[in-house]
Amino acid sequence: MHDLTAIVADITEEMQAAPDRGRPADYIPALARADVSQFGMAIVTADGSVHTGGSADEPFSLQSVTKVFALTQALGRVGDQLWDRVGREPSGSAFNSIVQLESEQGIPRNPFINAGAIVVSDVNLARGAPRAALAELVNFVRYLADDDTIAVDTEVAASELETGFRNVALANYMKSFGNLRRSPEEVLDLYFGQCAIAMSCRQLAMAGRYLMAAGLNPTNGHRVVSEARARRINALMLTCGHYDASGDFAFRVGLPGKSGVGGGILAVAPGRASISVWSPGLNAQGNSQLGTLALERLATRTGWSVFARGAVADS
Ligand code: DON
């Protein structure tokens, strides 16, 4: 067994003192003010023990990490039909890139780049109102995290609505190819609201448990998704969860992971743990600088990489 308490304490101490902390996302004004001295971390293991470090109970803007939960919802709604409208390949491009959409007829490469998540929002909107669809997603993450206090930060949502011109372009472009059913305005209303969900590291690690537990909700043993679907969502997180840095994340950490420009990352050690880290300073690809480093340290100390032999991974 690994001494996770000591490992989390060591990593937190190192991250709190780290000199190179990255820069907060500045294209969303409400996120630009984030304090880069912050670092938080939470691990929930398969046996239910929780290990936290730093600002693990401080809520932060989840941003693209919500794409995992929205994808789970959309697959529940339309199943494999989703893949007629969104691909399953890494893009090798930035999270907000538009370049591939023209040659690929408005079909985004995967559900984790912005274009793909906007199609997922269109699916989740179905025939309802954006506000109702957002409430459904918030209820879903509350259920997963077993925490009814999780909410949307309306200031962040408003800030992005005012400045999200790239997403407006992506939505309109896909609409022109017929890949959105609803209006770009309605779809983005849901998408921006979704990105503005706030959670702490502890809440996020709790919400990710179904992905480490083969699709089950450990709180009550109920099935959230099939084992096959949990495996596939993990596969997409590994190959696409960090945009054009997904290869580097697999190389350094070796776990399915999803980042957000709020500085959070959800990582999954299948069968072992649901892990979340947060530090608002980002690297050049828009992923948390210290969050990635902390996960690299954790994977090294535990041997939890999915590419490891497993001999040291008996925790
Ligand atoms: O749509 C956007 O640009 C943001 N709301 C989310 C982007 C994001 O988190 C990308 N992650 N690294």
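Buried means under 20% relative accessible area, exposed means over 50%, and partly exposed lies in between (1.4 Å probe, protein chains only). Ala 198 is buried by this criterion because its relative accessible area is 18%.

The structure is a predicted model, in which local features need pLDDT of at least 70, side-chain atom pairs count only at pLDDT 80 or more, and totals for chains, interfaces and linings use all residues. Residues are numbered from 1 along each chain as its sequence is written, and side-chain values use heavy atoms, with hydrogens and water left out. Helices (H or I, at least four residues) and strands (E, at least two) are DSSP runs, numbered from the N terminus.

- Strands of a sheet pair through backbone hydrogen bonds, either parallel or antiparallel.
- Two strands pair here if DSSP finds at least two bridges between them.
- Strand E5 (residues 197–199) runs antiparallel to E3, and 2 bridges join them.
- Across this pairing, Phe 60 stands opposite Met 199 in E5.

- Strand E1 (residues 40–45) is largely enclosed by the rest of the structure, because 6 of its 6 residues are buried.
- Gly 40, Ala 42 and Val 44 point one way from E1, whereas Met 41, Ile 43 and Thr 45 point the other way; all are buried.
- E1 pairs with strand E2 (residues 50–54) in the antiparallel sense over 5 bridges, with Ile 43 opposite His 51 in E2.
- These two strands, E1 and E2, form a hairpin with 4 residues between them, and Gly 48 in the turn has a positive phi of about 95°.
- E1 also runs antiparallel to E8, to which 6 bridges join it; there, Trp 278 is the bridge partner of Gly 40.

**Aromatic pairs and a charge over a ring**

- Rings of Phe, Tyr and Trp (its six-membered ring) pair if their centres lie within 6.5 Å; planes under 30 degrees apart count as stacked, over 60 as edge-to-face and the rest as tilted.
- The count by this rule is 5 aromatic pairs.
- One of them is the stacked pair of Phe 60 and Trp 278, at 5.1 Å centre to centre with 5° between the planes.
- This pair links distant parts of the chain, since Phe 60 belongs to strand E3 and Trp 278 to strand E8 (residues 273–278), 218 residues apart.
- Phe 60 counts as buried because its relative accessibility is 4%, and Trp 278 is likewise buried, with a relative accessible area of 5%.
- Tyr 173 and Phe 177 form an edge-to-face pair, at 5.3 Å centre to centre and 90° between the planes.
- Tyr 173 is partly exposed because its relative accessibility is 26%; Phe 177 is also partly exposed, at 32% relative accessible area.
- Tyr 27, Phe 95 and Tyr 243 are linked into a cluster by ring pairs.
- A charge sits over a ring if NZ of Lys or CZ of Arg is within 6 Å of the ring centre and within 35 degrees of the ring normal; the charged end of Arg 88 sits over the ring of Trp 83, 5.2 Å from its centre.

- A residue is near a molecule or strand if one of its heavy atoms lies within 4 Å of it.
- There are 14 residues around the ligand, of which Tyr 27, Gln 63, Ser 64, Glu 160 and Tyr 191 come nearest.
- The side chain of Glu 160 has an N or O atom 2.6 Å from a nitrogen atom of the ligand.
- An oxygen atom of the ligand lies 2.8 Å from a polar side-chain atom of Asn 167.
- A polar backbone atom of Val 261 is 2.8 Å from an oxygen atom of the ligand.
- The protein buries 100% of the 340 Å² that the ligand exposes when taken alone, with accessible areas from the Shrake-Rupley method with a 1.4 Å probe.

**Arg 182**

- Arg 182 is found in the loop between helix H8 (165–176) and helix H9 (184–195).
- This residue, Arg 182, counts as buried because its relative accessible area is 16%.
- A polar contact is a pair of N or O atoms within 3.5 Å; within protein, one must be able to donate a hydrogen and the other to accept it, and residues adjacent in sequence count only if both atoms are side-chain atoms.
- A polar atom of the Arg 182 side chain lies 2.8 Å from the backbone oxygen of Gly 128.
- The side chains of Arg 182 and Glu 186 are joined by a polar contact of 3.0 Å.
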